[in-house]
Amino acid sequence: NGGGSSAGVSMMSKGGDDKHGVVQFELSPSSFLKIQKGDITKWFIDGSSDAIVNAANEKMLGGGGVDGAIHRAAGPELRAACYAVPEVRPGVRCPTGEARITLGFRLPVCRVIHTVGPIYDVDDHPEVSLRSAYRSCLRLAKEDSIQYIAFPALSCGVYGYPYEEAATIAIATAKEFKDDFKEVHFVLFSDDIYNACLDHYQPMIRGN
Ligand code: AR6
């Protein structure tokens, strides 16, 4: 299924100010994984069946990093929608490894899927929690008939997850859902992570 040396790896130039190409991998005949550098708040495909993932915290009321950028771009309606998500215990709307969905408001995508990755040095089993965060997002997106989904590098900022390790989990989980989405994107903010990700992804996907 797209494995072997003809795994459908190709570079496409992307418009706008992004000088980095989108590198795409065929996961199945009707499903692609795409890696690109960029700002996830600008990402969209069609505005009606697309979603971006937010690397949130358990309170789900915004924060720094990509969470702050998504809340700024989506406008105050997003915070209100997050506030309305019921608490499962005091101060916790989304436990680590789970996900919640809202509208996208002023973002170009129709949905935001909020998830909470592990704090690497605190979590007893960060790999279990990170896999669960990716899976929860993909499961929720599938239930909501999302066809295109974009992830930032969950937990790889202030939560301190080493990117090479995180990439293994991200790719393996995307592959589990290869029949459920037209495109799964990884939108990475820094050259370091983008480059590490490509180095890491290519042999893994080819070795499918
Ligand atoms: N587009 C894509 N990626 C981005 C963007 C962007 N606009 N901005 C930052 N990144 P982090 P975490 C990258 O720290 O580690 C927040 O305060 C960033 O370079 O945002 O899961 C939350 O409220 C990094 O590679 O998320 C939580 O408290 C990646 O996104 C906590 O941080 C994730 O970094 C979550 O920490």
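Predicted model: local features only at pLDDT ≥ 70, side-chain atom pairs only at ≥ 80, totals over all residues.
Strand S2 (residues 22–28) pairs with S3 in the antiparallel sense, over five bridges. Within this pairing, Gln 24 has Lys 34 in S3 as its bridge partner. S2 and S3 together make a hairpin, with two residues between them. Strand S8 (residues 183–188) also pairs with S3, in the parallel sense and over six bridges. Here Phe 32 stands opposite Glu 183 in S8.

**Around the ligand**

Now for the ligand: 25 residues surround it, and the closest are Ala 55, Gly 63, Gly 65, Gly 157 and Tyr 159. Helix H1 (residues 65–74) provides the largest share of this shell, with four residues. Sorted by class, the shell holds 14 nonpolar residues, nine polar ones and two charged ones.

**Pro 90 in its loop**

Finally, have a look at Pro 90, which sits in the loop between helix H2 (76–83) and strand S5 (99–103). With 5 other C-beta atoms within 10 Å, Pro 90 is exposed, because a residue with 12 or fewer such atoms counts as exposed. Pro 90 and Lys 59 lie 31 residues apart in sequence, while their C-alpha atoms are 9.0 Å apart in space.

Methods. Residues numbered from 1 in each chain as written. Near = placed C-beta within 6 Å. Nonpolar A, V, L, I, M, F, W, Y, C, P; charged D, E, K, R; others polar. Pairing = 2+ DSSP bridges. Buried ≥ 20, exposed ≤ 12 C-beta atoms within 10 Å, placed from the backbone.
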